[in-house]
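Here is a short walk through one model. Start with the annotated positions, then follow the elements that carry them.

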Amino acid sequence: PHILLINGPNLNLLGTREPHIYGHTTLTDVESQARAQATSLGATLSTFQSNHEGAIIDRIHAAAGHGPLNPTKKEEEEPKASMIIINPGALTHTSVGLRDALLGTGTPFVEVHVSNVHGREEFRRHSYLSDKAVAVVCGMGVFGYRAAVEFAVGYLRERGE
Ligand code: DQA
């Protein structure tokens, strides 16, 4: 099975951004660890990070086999993803569009947060995605990505993928 790992706004700063909250591991490390982990479990994993809501929505569409409307703007070839693991960053708390992209393509997804969003500001407690996620991980630091990858492969395998 193929898994797509998406990280939203500001997660390119992982490792240097508010390390008391998000730790010292960089996104590059998280992504290469996730790729290696997927390979060792017999799956494949590609990664995508963007600070732009629309770019993330386009990538979710592409991962479900829906190309961009403008055929001159060729996206890089993306294998269809059986599952998306997504840390939407701040879009978690704001984006109906992101929710609609995930629901519209029907790709099952796991929501990951590095920090415990329930122990911080009140506005971080609401997610536009959690009620539709297969699973939600938060507060485990970057270990949450590792947990999500192992869970995703097991989940897909149980369903014959
Ligand atoms: C986050 C939590 C969000 O509230 C925040 O906006 C982020 C990161 C996390 O991984 O803990 O950017 O998703």
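Asp100 sits in helix α4, which covers residues 96-105. Helices here are DSSP runs of H or I with at least four residues, strands are runs of E with at least two, and both are numbered from the N terminus. The model is predicted: local features need pLDDT of at least 70, side-chain atom pairs count only at pLDDT 80 or more, and totals for chains, interfaces and linings use all residues. Residues are numbered from 1 along each chain as its sequence is written.

Asp100 counts as partly exposed because it has 13 C-beta neighbours inside 10 Å. With C-beta atoms placed from the backbone, 20 or more others within 10 Å means buried, 12 or fewer means exposed, and in between is partly exposed.

Now look at what α4 packs against. Its axis and that of helix α3 (residues 53-63) come within 9 Å and cross at roughly 5°. Therefore α3 runs roughly parallel to α4, a label for angles under 35 degrees. Axes are lines fitted to C-alpha atoms, for helices over the stretch in contact, and angles run from 0 to 180 degrees between N-to-C directions. From α3, Glu53, Ile56, Ile57, Ile60 and His61 meet Gly97, Leu98, Ala101, Leu102 and Thr105 of α4. Contact means C-beta atoms, placed from the backbone, within 7 Å.

Asn87 lies in strand β3 (residues 83-87). It counts as buried because 27 C-beta neighbours fall inside 10 Å. Beyond four places in sequence, Asn87 contacts Asn7, Gly8, Leu11, Val112, His113 and Val114.

Methods:
Two residues are in contact if their C-beta atoms, placed from the backbone, lie within 7 Å. Angles under 35 degrees count as roughly parallel, over 145 as roughly antiparallel, 65 to 115 as roughly perpendicular and the rest as oblique.
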